[in-house]
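Hello,

Please take over the structure below. My notes on what turned up in it follow.

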Amino acid sequence: MTDSTAPVVDVDALAAAVTKQGGVVKMLKKDGAKAEVLEPEVAKLLALRAEFDAARKAADGNNTDKPFNRAAFDDLVKRKMFVVSAFEIHGGVGGLFDLGPASCALKANILDVWRQHFILEENMLEMECTCLTPEVVLKTSGHVEKFTDLMVKDESTGDCHRADKLLEDFIDSFLESNPTLSREEQDEHRRVQRQADAYTPEELHELFQKYGIVSPTTGNALTFPFAFNLMFKTSIGPEGVAAGYLRPETAQGLFVNFRRLLEYNSGRMPFAAAQIGLGFRNEISPRAGLLRVREFCMAEIEHFVNPQDKKHPKFASLAGQSLVLFPNDEQLGSGKTRVMTIGEAVREGIVNNETLGFFMAKTWRFMEKIGMDAARLRFRQHLKTEMAHYAADCWDLEIKSSYGWVECVGHADRACYDLMVHSKKSKVPLIASYTLPEPREEEVWVMKADKAVIGKTFKQEQKKVMAALEALTEEGGERVEAVLAELEGPEGAAEVEGCRVTRGMVTWSKVKRMVQEVKYMPSVIEPSFGIGRVLYSLLEHSFYQRKTDENRCVMAFLPRVAPIKVGVYPLLNKPEFAPFTESIVGKLTEAGISNRADATGVSVGRRYSRADEIGCPFGVTVDYETLAAQDVTVRERDSTAQIRVPIERLVPLLKGLVDGSKTWEKDAMGSFPVVRTGEEEEDGGGRRGGGTLKEGVVTVVEKTPRGRFSRPAETVTSIPAMDKLRLE
């Protein structure tokens, strides 16, 4: 029993205070603050975290919502082969999973909706780039240098462990086995644990020595922590001299093809390119199923736009879309999310620009379209300490699952960084342009180069040097002024993209000229979808157990993404039902409606339950009445309601229900005789009241225009009994 007079603790505000104080501690550590400065701030952080943990536990204790049944969910996912460990019979490999028939179809349907919703509706240019990427590309992007985690190895066996996770797990075990430690001692160990991912290799090694951490599997000593690059490295070609990597993201292929994409698009800006494909990250400690894996499907969009004009022509059509936003100032302040339209968010400067806002709203609608629970969606803005130095704004679409809030879609305004670094490295100008309505006079830099001297000095590198000088001229501004100052200085030389040019080789001057065409390097707005995380979240959001029987589990997929749309069930496995079953299956298949016939000997109710577990939204039962009256029973999964539909009207009805142009309540129950409202209990064997299957009479009740069910004499029809119906 809770004390109603106890003060209400604002859990969100405490979470924000923890985040804010964590940022203070992080910056102090980064700046190398002295112990007397750092320790009081760390103590303050620990106190806030303890208060937050206590408040959260109290809030959870008052929560009457039914907890997520992970055991039942995991059992269903494995039993119905939604996700299984790859190479299971050989022991499996961590971070690698196979998708079974149901989830393979589910993923394909999600991607079909994604393609329609983004690529087709927004007229994007789709590409399929190679997964194997030359080293130079990923060196240029920064992945070779920075895409790392700290790792240790077993000195005897060579087994690898992620250093920060090993420290965290060891402290958990240490505290569990030492319950008599004082509160101060426990807090000190927790302080170390919470900063595990912020330590340098030297600091981690010192802590490993202090705690006596050894290999958890063998007890052997561990190596000094070292940076491990998460990309899979390989060699290209038999000589083994050309290094390459399996791509950690799909984006780089689109960036390096910008010039050709712009040409394909007839030079028109802005435009978007999209790609669906695999990414690879050699995670040291893969965890949480599909949420952290080594091979994963991504769907990425790179929208190229003028950095001086980030308006979107279709923004007005989505400006009224309400979103749940968690801005960075709220994360450090009240800790509360804000519900507002994307139009308001852009006007108030919470979201940086229209194009970024457009894709955020578009992503929200996509999630609703595939059946994600909107109450468990939010956009969290990156804190200033999280964003790359070049980024203008970043928002993650997070989905709440049993693992907490999980980033599933990143939305980043990456400015001009990607095209700039590839342009500088390749010496290929990755620029766009637009024509002014009227020519205008501008001051521009004009280069005068002595090609003879440059050719004599640089020989084979002449083209590279000239390309660098021309790119510098295009950039203009302070960069040209700085190089020019160095050439005119005492040394008479300057570095231009790694090339040392000297006085006399090149010079620049400003001239006035009429300009009709303005050139610029585009900014990139990037929505990046982790399809595996989206798929897993949809599995959790769709899972529930029947209130009347918790052993009966359901995947409530929307028809448009359901792996199998219609199940077809002959009442009995008898020859007289086969022609009707085969005909219905053929017509459904011809109409493009995925279906599956199940003529096994178990009851129809049991077959319904099996279909529910893989999310099949509709079931068609062929029974004795079908033989005489040429109609069938159609059952809807979530309500378990049933109607009778003539066979000639079956396919148009189901096609409309699947594509969303028709609804079950209006176009099915409102238009056809209702034989079961869904309000009665439905047991796992498929019958109510434990009746036995025999020929008899059932009651058919139609829906009145007012939405109620009545039993007027003219609506009562005698038909042969069907499984799942009450016998009279």
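**The cavity**

Helix H22 (604-613) and strand E26 (618-622) each supply at least two residues of the lining of the largest cavity. H22 gives the most, with three residues. Please bear in mind that this is a predicted model.

The whole lining of the largest cavity consists of Tyr569, Tyr608, Ala611, Asp612, Cys616, Pro617, Phe618, Gly619 and Arg635. By type, that is six nonpolar residues, one polar and two charged. The volume of the largest cavity is about 30 Å³. A search of the whole structure turned up one cavity of 30 Å³ or more.

**The second largest pocket**

This pocket holds about 1100 Å³ of space. Its lining has 33 residues, and those closest to its centre are Thr473, Glu474, Glu475, Gly476 and Lys519.

**The nine-stranded sheet**

Next, an open sheet. Nine strands make it up, in the order E3-E10-E11-E21-E16-E15-E14-E12-E13, and the pairing is mixed. Why is one side of E3 and of E13 left without a neighbour in the sheet? Strand E3 (125-127) and strand E13 (338-341) stand at the edges and have a single partner strand each, so one side of each stays without a neighbour. On average, neighbouring strands of this sheet are turned by 30° against each other, direction ignored.

Within the sheet, look at E15 (residues 393-401) and E16 (residues 404-413). These two strands pair in the antiparallel sense, over nine bridges. As a reminder, strands of a sheet pair through backbone hydrogen bonds, either parallel or antiparallel.

**Helix H7**

Last item. Helix H7 covers residues 163-177, which is 15 residues. From its first C-alpha to its last, H7 reaches 21 Å, close to the 21 Å expected at 1.5 Å a residue. Which residues of H7 are buried? They are Ala163, Asp164, Leu166, Leu167, Glu168, Ile171 and Leu175. Asp164 and Glu168 are listed among the buried residues of H7, and both residue types count as charged.

Best wishes

Terms used:
Residues are numbered from 1 along each chain as its sequence is written. This is a predicted model: local features need pLDDT of at least 70, side-chain atom pairs count only at pLDDT 80 or more; totals for chains, interfaces and linings use all residues. Side-chain values use heavy atoms; hydrogens and water are left out. On a 1 Å grid over the protein atoms alone, a cavity is a set of points where a 1.4 Å probe fits but cannot get out, and a pocket is an open set with protein on both sides within 12 Å along at least five of seven lines; lining residues have an atom within 4 Å of a point. Grid points are joined across faces, edges and corners, and a volume is the space filled by probe spheres set on the points. Helices (H or I, at least four residues) and strands (E, at least two) are DSSP runs, numbered from the N terminus. Two strands pair if DSSP finds at least two bridges between them. Axes are lines fitted to C-alpha atoms, for helices over the stretch in contact, and angles run from 0 to 180 degrees between N-to-C directions. The expected span of a helix is 1.5 Å times one less than its number of residues. Buried means under 20% relative accessible area, exposed over 50%, partly exposed in between (1.4 Å probe, protein chains only).
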